[in-house]
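The sequence and the structure are shown first.

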Amino acid sequence: ARLIRDINIAEAIHLSFHQENFSWLTVEIKYIEGLPELYQLPVSFASKEYESILREEFTQSIIAPVTIGDDQGILYDAVYSSLFREAIYDYMTKRRRIRGKEGELAFYVNKEFKAAHKEDQEVKEFHAKVLSAEQSNTSIIFNRKYFFKIYRKLDRVTNPDMEILRFLTEKTSFQNVPTFMGGVEHRQENQPPMTMGMMQEMIENQGDAWDYANDELNRYFEKILAYPDFKNIPQLKDDLTDLESFNNLDEDIKEILGVAIFERISLLAQRTAEMHMSLSSRNREPDFEPEAFSLHYQRSLFSSLQSLTRSSYQSLEKNMDIIPDSIQDEARDILGMKNNILRRMKMIYSRKFNSLKIRNHGDFHLGQVLFTGKDFFIIDFEGEPARTFSERRLKRSPLRDVAGMLRSFHYAAYSSLLKLTAVRQEDIDILEKWAEFWYHYVSSIYVKTYIQTLGKTRLIPEDQKDLKTMLDIFILEKAVYELNYELNNRPDWVIIPIKGIKYIMKAE
C-alpha cells in the first residue's frame, strides 16, 4: 500500500553447496512515506537449461533475465533450488556460521532436533519440498518430518513466532504445538539477532480447523434444509458467557447442531486455555511475566480502539460506492452506529478490571489450528502481519485471542452460507438466521469450556459483568478491524464484519 522510493542490498552473505553458489540477501526497502523495512531474498543464477524448469514449475521464483559474461540465464529466488534447501538443512545439522560484510548467518539446532535426527541417519534419500500455499512467509518440508519457515519480512526485534514456540517447547509442558527444533539468525555486533528462519516439528494433520468447521457447516445446512420445522428458528437465548446456553436447547436442535462439533469445539477451547496458562506460567521471565490491568492501561487501550474505529469508518464512508447494492442498506445501518460503538468501547475503562495481560497468540483464528482427527495443534505465533514486531510482542488480555476465534466462527458460518448457490433466495434468508444460531451456540460452548478450564487463574475477570464487557469489546474491535480489511481486499465479503458489528451492538 506504500510507494517504494528505493531498494538497497543491506547485506549479502555468499555460500556454496555442491559447487552451486548462492547469495543470501537482506534488502532494505525505502518508501516515499514512513519507515524503511527489511526483507530477505536468497538468490541464485540459473542457466538457460534450468530456466525452462523454473518457468514451468515455479514461475514466481523468477526475478530477472541476467547475462554473466557469455552465459545467459535468470536471477531467481534460491528457495526454489533443491540444492539451496539441502544446504539449509546441512548447515543447521552442522551448526555452521557464514560470515558476511556486516555480520554472520548462524545455523543451529536444539537437543530435541538432535534426538530426532539420530533416527534420520539411516535414511539415505533427502527430500525437501517448498509448500505452494500463498503465505507471507515461505515454508519448506524436510524429509516429511520437519517444517522450516523462512520469514520474508525481517526486524531487529525477536520474532514472536520463534520466541513463543521456543518458550512453550523448552519452558512449559504444553504439548499441543509443534516442537521447536532450531533456527537461522543474522548476528551483528551491538545489534539484537535477526530471525531469518525457524525449524519445527511437522504435525501430521487432516487440514486446519477452518476446513473442519466448513465441513461441519455444510452438513449442518443440509440438515436444516431437511428439517420439517425449517422456517421456525429457535429464539437465541443467553449471552456468550452464559455457562448453560447449550443445555437450554431442545434435543432435536442439539441433534441438528451435532454432538461431535460441540465435543471438538470444547476441546479446542480447552487447548486455548491451556496455551494461555502455559504462556503465563513463568513469573520470573520478564518477557512472559503476567502483568495486572491498570486504569492507565485501560485508557490507552480505549485510545487505540478509538483510532481503529475512526480509521475503519473513514474507509467505509470513502468506499460506499464499491459495496455491492444488495448490502448497501446494511452498510448504512452501521454507518449510523459509529458513536454508539465508541460509547460501547469506552466501557473498557469504566472501572478497573481484575484481569491480567500476558503474551498471547496475537492472530488467533481457525486457520491457525491444525486438526489431527483427534486433537488440535496451535501454530503460527507471529501475530498480525500489519503490526510491527515490537507491537506483536506486547502483553495483552488473553480474551483477545478468544475474540479472534469467535470472529473466526462467525466468518466460517457466513462464508459457508455465501457458497450455497443452489438454494432459493427466500431460503437463504432463513438459513442466515440458522447461521447466526450456529455461531451463537458454537461460540457459547467455546467460551464456557474456556472459562471452566482456566478456573481461578486471574487471567480473566471473575465478575461475569466485567468478563462480558471485555469480551464484547474485543469482539467488536476485531469486527471493526475486519470491516476495514474487507473494504480494502474483498468488498463482496464486507457483509460478514457488518453482520458481526450488528450482532454485538444488539447484545446490550
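Helices H12, H13 and H14 (464-489) each supply at least two residues of the lining of the second largest cavity; helices here are DSSP runs (H or I, at least four residues; strands are E, at least two), numbered from the N terminus. The model is predicted: local features need pLDDT of at least 70, side-chain atom pairs count only at pLDDT 80 or more, and totals for chains, interfaces and linings use all residues. Residues are numbered from 1 along each chain as its sequence is written, and side-chain values use heavy atoms, with hydrogens and water left out.

**Cavities**

Rolling a probe the size of a water molecule over the atoms shows where empty space is left. On a 1 Å grid over the protein atoms alone, a cavity is a set of points where a 1.4 Å probe fits but cannot get out, and lining residues have an atom within 4 Å of a point. Grid points are joined across faces, edges and corners, and a volume is the space filled by probe spheres set on the points.

The whole structure holds two cavities of 30 Å³ or more. The second largest cavity has a volume of about 30 Å³. Its lining consists of Leu 399, Val 402, Val 447, Tyr 450, Ile 451, Ile 460, Leu 467 and Leu 471. H13 gives the largest share of this lining, three residues. By class, the lining residues of the second largest cavity are eight nonpolar, no polar and no charged (nonpolar: Ala, Val, Leu, Ile, Met, Phe, Trp, Tyr, Cys and Pro; charged: Asp, Glu, Lys and Arg; polar: the others, Gly among them).

Ala 209, Tyr 212, Ala 213, Ile 261, Ile 265, Leu 268, Leu 366 and Phe 376 line the largest cavity. Helix H5 (209-226) and helix H7 (259-279) each contribute at least two of the lining residues. The lining of the largest cavity likewise has eight nonpolar, no polar and no charged residues.

Ser 266 also lies in helix H7. Ser 266 is buried, with a relative accessible area of 19% (buried is under 20% relative accessible area, exposed over 50%, partly exposed in between; 1.4 Å probe, protein chains only). The C-alpha atom of Ser 266 is separated by 5.7 Å from that of Thr 449, although the two residues are 183 residues apart along the chain.

**Aromatic pairs and clusters**

A search of the whole structure finds 26 aromatic pairs. Rings of Phe, Tyr and Trp (its six-membered ring) pair if their centres lie within 6.5 Å; planes under 30 degrees apart count as stacked, over 60 as edge-to-face and the rest as tilted. Two edge-to-face pairs are tabulated here.

| Pair | Centre to centre | Angle between planes |
|---|---|---|
| Phe 409 and Tyr 446 | 5.4 Å | 85° |
| Tyr 439 and Tyr 503 | 5.2 Å | 75° |

Phe 409 lies in helix H12 (residues 399-418) and Tyr 446 in helix H13 (residues 425-454), so this pair ties together parts that are 37 residues apart in sequence. Phe 409 is buried at 1% relative accessibility, and Tyr 446 is buried at 0%.

Tyr 439 and Tyr 503 form the other tabulated pair. This pair links distant parts of the chain, with Tyr 439 in helix H13 and Tyr 503 in helix H15 (residues 495-506), 64 residues apart. Tyr 439 has a relative accessible area of 1% and is buried; Tyr 503, at 9%, is buried as well.

Elsewhere, Phe 17, Phe 22, Trp 24, Phe 84, Tyr 91 and Phe 107 form one aromatic cluster.

**Arginine contacts**

The charged end of Arg 359 sits over the ring of Phe 288, 5.0 Å from the ring centre. The charged end of Arg 490 sits over the ring of Trp 493, at 4.2 Å from its centre. For such a contact, NZ of Lys or CZ of Arg is within 6 Å of the ring centre and within 35 degrees of the ring normal.

Arg 407 lies in helix H12 and counts as buried at 2% relative accessibility. A polar contact of 2.9 Å joins the side chains of Arg 407 and His 410 (a pair of N or O atoms within 3.5 Å; within protein, one must be able to donate a hydrogen and the other to accept it, and residues adjacent in sequence count only if both atoms are side-chain atoms).

**The second largest pocket**

A pocket is an open set of grid points with protein on both sides within 12 Å along at least five of seven lines. The second largest pocket has a volume of about 740 Å³. Of the 29 residues that line this pocket, the closest to its centre are Glu 384, Arg 387, Arg 396, Arg 400 and Glu 477. Helix H8 (295-318), helix H11 (389-392), H12 and H14 each supply at least two lining residues, and H8 has the largest share, seven residues. The lining of the second largest pocket divides into 10 nonpolar, seven polar and 12 charged residues.
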